[in-house]
Structure formats: C-alpha cells, structure tokens
Amino acid sequence: MTRAPAQTSSGGCCGSCVNYLTSAKFLLYLGHALSTWGDRMWHFAVAVFLVELYGNSLLLTAVYGLVVAGSVLLLGAIIGDWVDKNSRLKVAQTSLIVQNASVILCGIILMIVFLFKTQLLTLYYGWLLTMCYILVITIANIANLASTATTITIQRDWIVVVAGEDRSKLADMNATIRRIDQLTNILAPMAVGQIMTFGSPVIGCGFISGWNLISMCLEYLLLWKVYQKTPALALKATSKIEESELKQLNVQKDSELKPTEGVQLIGEKDVTVFEPKQEKRIDCSARMAEPFITFRDGWVAYYNQPVFLAGMGLAFLYMTVLGFDCITTGYAYTQGLSGSVLSLLMGASAITGIMGTVAFTWLRNKCGLVRTGLISGIAQFSCLVLCVISVFMPGSPLDLTVSPFADIRTRLLEGQPLPTALPADVSERSFTTGMHNWLNRSSSVNDVEMNSHSVPLISVSLLFAGVIAARIGLWSFDLTVTQLLQENVIESERGIINGVQNSMNYLLDLLHFIMVILAPNPEAFGLLVLISVSFVAMGHIMYFQFAKKTLGKQLFACCAPDSKEVSNNSPPCNTSTV
C-alpha cells in the first residue's frame, strides 16, 4: 500500500526524463552542441594551422579572415534567399553535408601539406604549395558559408517552428542555445589545443577530420528525428499568401491583456498578397543578374522590416575591440597579463555570458521582450563605463602623440625587416609565448621588457572588469534582438532577412579590424576603446528609437507603478508585450 505511490512517482519521473531526452527540443540542442563543438574546434585550429604553414607569418590568417568576412558580407542575402526558397529538411541536410565535407577535405589537404611541405616547395617553383594554400582558404570559406546557412535555418527558423506558438518556450530555447555556444567557445578550443600541443599539427588535422565525419552522421540522424517529431517543419510558406504568417507567437498570458494593450509590430504594415506567377523562360542575362537582384531585394526588405532599427543596433555592437578576440588578447599581453590569467578571464566571461542568458529569460517574463532589450542595453553600457575610466587610469599607455606607424617608419629608415612575421622561436615554445614576445618587440616600448611588475595593472584590470561584466547585458540584448527577428519576420522572409543581418554583423566586424589596422600601436588602444563604446552607445540609441516607436506611451509603464493613469492603461509588468 505504501510502495505503490513511490513506484508511480518514480515511474513518472523516469517517463518524464525519457520523454524529454527523446523530444524534438532536446534533439535540437544535441545536434547544435555537436555542430558548434566542431565549428569552434575548426575555427581555432585553422588559424593556427595557417600560421604554422606560412613560416609563422600572420599573412595567410589575415587573408583567410578577410575572405570569410567579405564572402558573408556579399553572399549573406543570397544564402538567406536560398534558405527561403527550399524545403527546411533539404536546406539543413545540404548545408550540413557541405560544411562537414569541406572541413574534412581541408583537414586532409593540410595533413598532406604538413607531411610533404619540403617536397611541395621544390615542385613547380613552389607554385603547387601556393595552390594548396589557396585551395585550403577557398574550401574553408565554403565551410563557413555552409555554416552560415545552417545557423540561419536552425537557429532562426527550425527553433521557431519547434517552439510552436509559445513565446516563453521560444525564449527558453534561444537562451539554451546561447549557453551551449558559451560553453563550446571555451571548451572546444581548449580540447583541440591540448591535442595539438601534446601531439602535432598532423594529429590535430586528423582528429578534426575524424570528428566532423562522425559528427556529420550523428547530426544528420538528429535532424531527421527532429523533422519527424515536428510535422510543422514540413509546411513552409514560400510567399506572402496569408495574413496569419504575420501574426506573432502567442503568449500563455495574452488573455490578461486588453485588446488595445498588445503591440503588434508586424501589424503596422499592410499585408501584401502575392499570386503565384507563371513560369517564364529566363534568358542567360537574367540568370546572371539574378544574384544581384536578390542582393538588392534582400537589403531593401531588411530596411523595410519593423525591427530594422533593432537589428542595426545589434550590428553596431560588433564594431568594438572590447571582446575576447585576438586584438584585446594581444593588448593584454603588452600590459603584462600572462596566458594563464587570460584563460581565467575568458572563463569568467563565459560565466557572465551564461548569466546573461538567465537574466534574459527572467527579464522577459517580468517586463516583456522589448523592455528587456532596454534594460540589457543600459546594463551593458553602464559596465562599459569602467572601460572608459580605464583609459585615463595609471598604467594606461594612451599617448596620441605617438604615430601609429612610427615603428614601421623607423624600421624602413634603418633598413630592418617589417614585423610581419612571428619570431622563429614560436615553434619551439607555445604560440602564446611567441605572440607575447612578438607584441612586446613590435610595440613602441620595445626597449623595455614588458612584465607584470613594470606596468601598473589598474588600467587593464578596470578594462577587463568592464568587458566581463558587460557580457551579461550583451548576451541578454543579443537574445532580445534574435527573438524579435524570429517573432516579427514573416516565415517566407526569415532566411533572407537573417542573411542580411549576418552581413551587417560581418560588415561592422570588418570595420573594427580596419580600425585596428589604422591604429595598431598600444598607445592608441585607449582611443579604440572610446570609439568602441561610442558605437555601442549608438547601437543602443537605435534600439531605444525602435522601442519608443513600438511601445509609445507604455515605454516606461514598468517603471511608474505609482501613476494611476499608467497602471490602468498599461499591461502588468510580468506580461510579455511585443
């Protein structure tokens, strides 16, 4: 008599776990984790491989980064249009196969080059080796374009369909996807780095190729399972034919709202009904012009979106040096931070990033999606004030009287080679140590040995404190804009609009690298910090304009509970109004 309830409870718990582990949502998470892990390993390893291949020079890495950014910038809209015009399963499977097959092929070519580099140098005066370099960069770029297509179709389309009409479920799924991203960003490079350190580049190439082969098979199976468990994925609108496509996802608490309290973003635009056009014969010139027309139409459609300002606000956040990329890491080395300290700081940034995903779900439930973006923006900008203060604190190398090209000019006058390559000792020691010494020698203070005792750490400590703390607001804001795009872009345009959004992100990211090229010395880094914070501020101002237009007089309803007029005419704070 007393054991039956316990057995029933235990059976119910096990049944719930089994149901969750076999649900479309969990299978989507698992597939995304496998895909992201492989992506992060490859993106980390390919940069190191290219440095090793070209005599410890950064030239190939720079060319690869430029080609990748330029390709997504030019082809983002076209990739998105292809995602829109084809079935979901076909797009997901094709992009998955192309991406992983490209990485596997790159890994094999790199293994051959590493093993037979000496012989390849003697064939055809070294042109065969040069062709191998070009082939690796080209195929790696194709892999990145396929990865972009995968991101658009899975994270911007499939996830919306799997969530159904539940906005809260969509928010939770978006947050979980970002948490997976945060973890893989740290763990995957660490794993492949250890393999390359204790093994060799050849072993690293073989491991990544093998991983992608196995991962491709598993991801293919998981995608098929998710597709089978979600019948709605088989139904895809390819044109604007129904007004129902323009409706946002429903909220469980929508019944608490009055008819005039809900804010329908897409409802602001008239619905255009397109009749199916009869197929016409397309001549050669029309086919050649089609990609350019698609590119133009994609950007025009993006500009006409009701969430255009929100998307632009997110893109402006990419124009910054305040992140854990190679630029900020290099600056940290010149200020005396060791590799171990930087690894701890990167771990802390991952933790605050995960905290940002948690904050997003909590704020969205309390204050609604649009207000969550406002709060996140204010939080991020407030933390970045620490970075601004760090520019003027003791230890900051800010000195605008030093020419960015002073070191280059001196070397040219003295007949010394330009510092375009890393030192030869980089292969004998760790890549991190070699980069540290190279940065010290190429900076304007190369007469003084850089260490933690010679440079006050107040400035750099404040800088990284601001960067790490700002990750909470950054990722919460990123999730806000992501969900706004998911909810307010019609199904038939999700691909092309998100493709253009990716292009905008890459454009601003490319501009921030150009900014660093124009002011590469540590003395100008403080100026780059100020410019970065200015762009972040402009991005949030754009979002503020979007929120003001969307919410109108209800914008600060959550912040004015004492006003009877506001409390009577606006939804409660815990209601999602978008």
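**Close-up views of a predicted helical model**

**View 1. An aromatic cluster in the predicted model.** Phe295, Trp299, Tyr302, Tyr303 and Phe308 come together as one aromatic cluster. Rings of Phe, Tyr and Trp (for Trp, the six-membered ring) are taken as a pair if their centres lie within 6.5 Å, and a pair counts as stacked with planes under 30 degrees apart, as edge-to-face over 60 and as tilted for the rest. In total, 14 aromatic pairs are found in the structure. This is a predicted model, in which local features need pLDDT of at least 70 and side-chain atom pairs count only at pLDDT 80 or more, while totals for chains, interfaces and linings use all residues. Residues are numbered from 1 along each chain as its sequence is written, and side-chain values use heavy atoms, with hydrogens and water left out.

**View 2. The pair of Phe207 and Trp211 in helix α8.** The ring centres of Phe207 and Trp211 are 6.5 Å apart and the planes meet at 35°, so this pair is tilted. Both residues belong to helix α8 (residues 201-229), where they are four residues apart, about one turn of the helix; helices here are DSSP runs (H or I, at least four residues) and strands are runs of E (at least two), numbered from the N terminus. Phe207 is partly exposed at 33% relative accessibility, and Trp211 is also partly exposed, with a relative accessible area of 26%, where buried means under 20%, exposed over 50% and partly exposed in between (1.4 Å probe, protein chains only).

**View 3. The pair of Tyr331 and Phe525.** With ring centres 3.9 Å apart and planes at 10°, Tyr331 and Phe525 are stacked. The pair links distant parts of the chain, since Tyr331 lies in helix α11 (residues 326-334) and Phe525 in helix α18 (residues 525-551), 194 residues apart. Tyr331 is buried at 7% relative accessibility, and Phe525 is likewise buried, with a relative accessible area of 5%.

**View 4. Ser23 in the loop between α1 and α2.** Ser23 is found in the loop that runs between α1 (3-21) and α2 (24-53), and at 19% relative accessibility this residue counts as buried. A polar atom of the Ser23 side chain lies 2.6 Å from the backbone oxygen of Tyr20.

**View 5. The setting of these views in the whole protein.** The protein has 19 helices and zero strands, and buried residues account for 49% of its 578 residues.

Conventions: A polar contact is a pair of N or O atoms within 3.5 Å; within protein, one must be able to donate a hydrogen and the other to accept it, and residues adjacent in sequence count only if both atoms are side-chain atoms.
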